[in-house]
Amino acid sequence: MAKIIRVNLTQQTILSEPVPDKYFMLGGRGLTSQIVFDEVDPTCDALGKNNKLVIAPGLLTGTLAPSSSRLSLGAKSPLTGGIKESNAGGTVARKLANLEIKAIILEGIPADRSWYLLKITNTEATILPAGDIAGLGNYDTVASLQALYGPKVGIISIGPGGERKMSAASVAVTDPEGRPCRHCGRGGLGAVMGSKGIKAVVIDDNGVDGQLFTVADRKAFNEVARTWAKAMVQAKAGLTNFGTAALVNPVSAAGGLPTRNYRTGTFEGSDKINGTALAETTKSRGGRTGHACSPGCVIRCSNIYHDAEGKYLTAGLEFETIVLMGSNLGIDSLDVIAALDRRCDDYGLDTMEMGNAIGVAMEAGIAPFGDRKAALRLLDEAGEGTVLGRVLGQGSTVTGKVFGVTRVAAVKGQGMAGYDPRALKGTGVTYATSPMGADHTAGNLLPGRAGVDCSSPDGQIKASRDLQIMSAVIDNMGLCLFVGPLPPEMEIISRLLTSALGRPFSIEDVLEIGKGILRTELAFNRAAGLHSASDRLPEFFSMEKLSPKGLVFDVSDKDIKQMYSAL
Ligand code: SF4
């Protein structure tokens with residue numbers, strides 16, 4: 001039977017609780033946000049004893065629904081001061097579903113301020129001392145735990161970034177090869193995990209194949225899932241072959257590729273860091289594209305990147321990392337970007353926040369744009385915890401304040417995600433209004449999507465709102481966003497849920513899940529003190545024309561303020 005595992009670090013207790021009925025249709029982001037709303041005081045200190053870190057697989061994780069093994073983490077964010085959910089692939093969500101664990105709630109703070117490890121198997125959950133792995137990077141942490149518990153366990157861990165409670169700290173999740181290269185990157189959730197004294201969570205589902213979500217009509221459900229998966233394999237071939245780096249060319253063509261701290265929207269070196277360059281480089285060195293980062297993913301947008309000697313360097317090199325560590329810093333070398341990505345994964349830092357922060361530092365003259373060695377050094381300073389590194393590790397907003405830089409591309413304290421909102425205005429509306437801060441995954445309006453001209457202010461409010469609702473649905477299900485948060489996918493989800501529940505579940509019912517999630521998150525943020533005044537982009541986006549297209553962000557404030565009035 002489905003259960004919630006509640007771990008109190010102050011009392012060093014673990015409880016297995018039944019799942020309240022009201023959580024029945026919630027999973028992933030829907031569940032983490034609801035539990036945070038129900039149990040966390042919105043005014044609490046994000047790194048204090050009253051915040052909680054919630055870990056949840058999606059509603060459909062463990063079923064045959066394709067690409068449905070995303071793992072959501074949620075808490076009050078030390079970066080935005082509001083509610084935050086961040087999800088990643090990897091194997092842990094599927095293992096939790098096998099163990100019929102709907103959520104893990106980490107609460108309290110250890111009285112002795114020591115480091116602990118949470119180990120969960122089919123028969124028990126235990127809190128173990130973890131002092132011997134404290135201070136290690138994610139790669140050594142995982143290697144050490146795999147040596148103890150076997151190569152097949154799933155591991156969630158933090159690196160030095162999370163241990164130092166940096167607001168840019170991520171949480172690593174192991175991929176099918178056992179590498180800590182999938183990250184819940186956004187919002188500083190690694191710092192929340194660090195504040196709980198939890199260095200890692202080990203999930204061992206050996207020999208267990210439970211069902212978290214019961215499907216009433218399995219034959220019908222599996223038929224819909226199989227047909228969907230088959231169609232997706234064909235429709236998403238570009239992502240399979242080139243990864244999300246395939247976005248470099250269209251985003252650049254739209255004039256929205258952040259370059260040198262958002263100075264321009266195209267980059268002269270983009271041919272060296274685009275999807276073609278990535279695919280050719282990985283293949284020529286024995287790496288690969290077309291890698292599945294989690295069980296059951298048919299899109300397989302992930303990649304494995306080898307260095308010039310053909311040795312594994314990193315995996316899951318994605319568009320946002322390539323842009324924010326590449327064009328945004330004036331760096332046109334995939335090898336350097338991959339080395340920066342590897343460091344972020346190992347230190348447990350969000351590549352997007354760190355790319356923004358280093359861009360702001362370069363703007364301040366700490367190093368010139370394009371200086372590869374300086375970028376690597378600055379990231380090492382964050383990993384090593386020098387004073388400068390600790391500033392950068394607090395994210396782009398703090399870095400801007402420390403160095404007196406106002407050109408900081410952030411909303412609610414969170415750096416933007418690799419899409420300039422002057423050229424991609426619907427994404428700009430999402431950055432401004434999402435309860436998640438400047439997070440593209442909350443509703444990313446890409447060039448050519450949703451029948452809206454990204455460069456015109458017209459229609460962006462509705463497009464962003466619709467995408468935010470549908471993205472929340474996708475996140476609730478544990479689906480990867482690349483299955484597509486659009487009306488056709490909502491219809492498929494409606495058919496899946498109709499089969500699963502054994503009763504009609506309309507598209508409106510599906511969308512109502514997304515609306516409910518947003519209402520909950522917005523209510524939390526309001527109670528936390530984030531009102532509509534914080535739903536704004538930095539003013540340089542509306543004042544400074546973005547070359548080469550001369551665009552500014554010109555969606556009206558009045559429309560943005562009314563964005564959620566009819567939610
Ligand atoms: S589409 Fe890409 S990011 Fe999404 S689950 Fe599959 S491999 Fe991971």
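Contact is taken to mean heavy atoms within 4.5 Å. The structure is a predicted model, in which local features need pLDDT of at least 70 and side-chain atom pairs count only at pLDDT 80 or more, whereas totals for chains, interfaces and linings use all residues. Residues are numbered from 1 along each chain as its sequence is written, and side-chain values use heavy atoms, with hydrogens and water left out.

The protein has 21 helices and 17 strands, assigned as DSSP runs (helices H or I, at least four residues; strands E, at least two) and numbered from the N terminus. Its C-alpha atoms fill a box of roughly 60 × 50 × 50 Å along the principal axes. Of the 567 residues, 65% count as buried, where buried means under 20% relative accessible area, exposed over 50% and partly exposed in between (1.4 Å probe, protein chains only). Among contacts with a separation of 6 or more, 70% come from residues 24 or more positions apart.

Alanine 200 is found in strand β12 and counts as buried because its relative accessibility is 0%. Not counting residues up to four places away in sequence, alanine 200 touches Tyr116, Leu117, Leu118, Leu145, Ile155, Ile156, Ser157 and Met193. Alanine 200 and lysine 230 are 30 residues apart in sequence, and their C-alpha atoms are 36 Å apart in space. Threonine 141, in helix α3 (residues 138-149), is likewise buried, at 0% relative accessibility. Leaving aside neighbours within four places in sequence, the contacts of threonine 141 are Ile133, Leu136, Ser157 and Lys199.

Two helix pairs were examined. Axes are lines fitted to C-alpha atoms, for helices over the stretch in contact, and angles run from 0 to 180 degrees between N-to-C directions. A crossing is left-handed if the near helix is turned anticlockwise from the far one by less than a right angle, and right-handed if clockwise. The axes of α1 and helix α19 (residues 507-528) come within 10 Å and cross at roughly 35°, in a left-handed crossing. Here Arg29, Gly30, Ser33, Gln34, Val36 and Phe37 of α1 meet Ile517, Leu518, Thr520, Glu521, Ala523 and Phe524 of α19. This contact comprises six nonpolar, four polar and two charged residues, with Ala, Val, Leu, Ile, Met, Phe, Trp, Tyr, Cys and Pro counted as nonpolar, Asp, Glu, Lys and Arg as charged, and the others, Gly among them, as polar. Helices α16 (residues 425-433) and α17 (residues 460-477) pack at about 65° with axes 8 Å apart, and the crossing is right-handed. Their contact has two nonpolar, six polar and one charged residues.

Five aromatic pairs are found in the whole structure; rings of Phe, Tyr and Trp (its six-membered ring) pair if their centres lie within 6.5 Å, and planes under 30 degrees apart count as stacked, over 60 as edge-to-face and the rest as tilted. Phenylalanine 24 and phenylalanine 213 form a tilted pair, 6.3 Å centre to centre with 40° between the planes. Phenylalanine 24 lies in the loop between β2 (13-18) and α1 (28-39) and phenylalanine 213 in the loop between β12 (198-203) and α6 (218-235), so the pair ties together parts 189 residues apart in sequence. Phenylalanine 24 is partly exposed, at 45% relative accessibility, while phenylalanine 213 is buried, at 3%.

The ligand is surrounded by residues including Arg70, Arg182, His291, Cys293 and Phe482, each with a heavy atom within 4 Å of the ligand. By class, this shell has six nonpolar, three polar and three charged residues.
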